[in-house]
Amino acid sequence: MDIFLKHVLWITVILFGAMHSVFAEECELIEAAEVLQSEQLRLNSQMQNNLDMMSKLLDEQLVYVRNSAVVDSKNSYLNSMRKGDTVYEYIEHVNDAVRVYGCIAILTGKGRYDVRIGQKPLNLVLRYHSIWQKSHGQVKLISWQATKVP
């Protein structure tokens with residue numbers, strides 16, 4: 001192998017090792033109990049309109065897909081709560097199941113939601129999944145998607 005290819009190979013190995021090290025530091029093993037606790041804290045914060053706690057629980061790159069197919073970012077979701085466009089009056093989850101994949105966990109279940117969207121009261125039953133990640137000692141919601149149960 002000529003000297004150029006050897007250098008390219010070594011640089012590739014070094015860069016891969018460095019990237020793996022960086023990502024490994026950011027990603028921490030998550031436990032099902034942490035996910036369930038964080039989810040309950042999120043639900044309580046939604047019902048209390050506690051935007052400070054919601055902000056701590058939501059990842060900066062959150063993708064929040066509502067049952068209406070509207071897609072929110074962290075900022076647009078929190079703004080809808082801040083302006084009163086989305087008001088959670090009651091939320092109850094049942095049948096929560098957590099699957100853990102290292103630093104990522106997927107929570108699935110069914111929930112009952114009494115919510116006002118644009119002052120219109122809605123009583124919804126939703127099937128949902130949410131994806132949580134743990135890094136830097138914090139468990140954050142990185143994705144949510146819900147579908148109405150007929």
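Predicted model: local features only at pLDDT ≥ 70, side-chain atom pairs only at ≥ 80, totals over all residues.
Which residues does Gln46 touch, not counting residues up to four places away in sequence?

**Entry 1: Gln46**

I found Gln46 in helix α2, which spans residues 32–48. Its contacts, with residues up to four places away in sequence not counted, are Met54, Tyr64, Tyr77, Met81, Tyr88 and Ile91. I then looked up its accessibility: the relative accessible area of Gln46 is 2%, so the residue is buried, the limit being under 20%.

**Entry 2: the sheet**

I listed the strands next. An open sheet is formed by 6 strands, in the order β2-β1-β6-β5-β4-β3, and its pairing is mixed. The edge strands, each pairing on one side only, are β2 (71–72) and β3.

I went through two of the pairings. β3 and β4 are antiparallel, with 13 bridges between them. In this pairing I noted Thr86 opposite Ile117 of β4. The two strands make a hairpin with 2 residues between them, and Gly102 in the turn has a positive phi of about 70 degrees. β4 and β5 also run antiparallel and are joined by 14 bridges. Here Ala105 stands opposite Trp132 in β5.

For the helices on the sheet, I recorded α4 as packing on it with contacts to β1, β2 and β3. The direction of α4 makes about 75 degrees with that of β1. Helix α2 lies across β1, β3, β4, β5 and β6, and runs at about 170 degrees to β3.

**Entry 3: the disulfide**

How many disulfides does the count come to? I got 1. The disulfide joins Cys27 to Cys103, with an S to S distance of 1.6 Å. Cys27 sits in the loop between α1 (3–26) and α2, while Cys103 sits in the loop between β3 (86–101) and β4 (104–117). The two are 76 residues apart, and the pair links distant parts of the chain.

On accessibility, Cys27 has a relative accessible area of 27% and is partly exposed. Cys103 stands at 10% relative accessibility and counts as buried.

**Entry 4: the nonpolar core**

Which members of the largest nonpolar core touch the most other members? The core has 25 residues, and the answer is Leu58, Tyr77, Tyr88, Tyr113, Trp132 and Trp144. At least two core residues come from each of α2, α3 (51–57), β1 (58–65), α4 (74–82), β3, β4, β5 (120–135) and β6 (138–148).

**Entry 5: aromatic pairs**

I searched the whole structure and found 3 aromatic pairs. One of them is Tyr64 with Trp144, a stacked pair at 5.7 Å centre to centre and 15 degrees between the planes. This pair links distant parts of the chain, with Tyr64 in strand β1 and Trp144 in strand β6, 80 residues apart. Tyr64 counts as buried at 3% relative accessibility. Trp144 is buried too, with a relative accessible area of 2%.

Why is the pair of Tyr128 and Trp144 stacked? The ring centres are 5.0 Å apart and the planes stand at 15 degrees, and planes under 30 degrees apart count as stacked, so this pair qualifies. Tyr128 lies in strand β5 and Trp144 in strand β6, so the pair ties together parts 16 residues apart in sequence. Tyr128 has a relative accessible area of 4% and is buried. I also noted that Tyr64, Tyr77, Tyr128 and Trp144 form one aromatic cluster.

**Entry 6: Val63**

Is Val63 buried or partly exposed? The relative accessible area of Val63 is 39%, so the residue is partly exposed. Its place is in strand β1. Leaving aside neighbours within four places in sequence, Val63 is in contact with Val71, Asp72, Ile142, Ser143 and Trp144. I also took the C-alpha to C-alpha distance from Val63 to Leu141: the two are 9.0 Å apart in space and 78 residues apart in sequence.

Note on methods: Residues numbered from 1 in each chain as written. Heavy atoms only, no water. Helix = DSSP H or I, 4+ residues; strand = E, 2+ residues; numbered from the N terminus. Buried < 20%, exposed > 50% of the residue type's maximum accessible area, 1.4 Å probe, protein only. Contact = heavy atoms within 4.5 Å. Disulfide = S-S within 2.5 Å. Pairing = 2+ DSSP bridges. Core = buried A, V, L, I, M, F, W, Y, C linked by side-chain atoms within 4.5 Å. Axes fitted to C-alpha atoms, helices over the stretch in contact; angles between N-to-C directions. Phe/Tyr/Trp six-rings, centres within 6.5 Å; stacked < 30°, edge-to-face > 60°.
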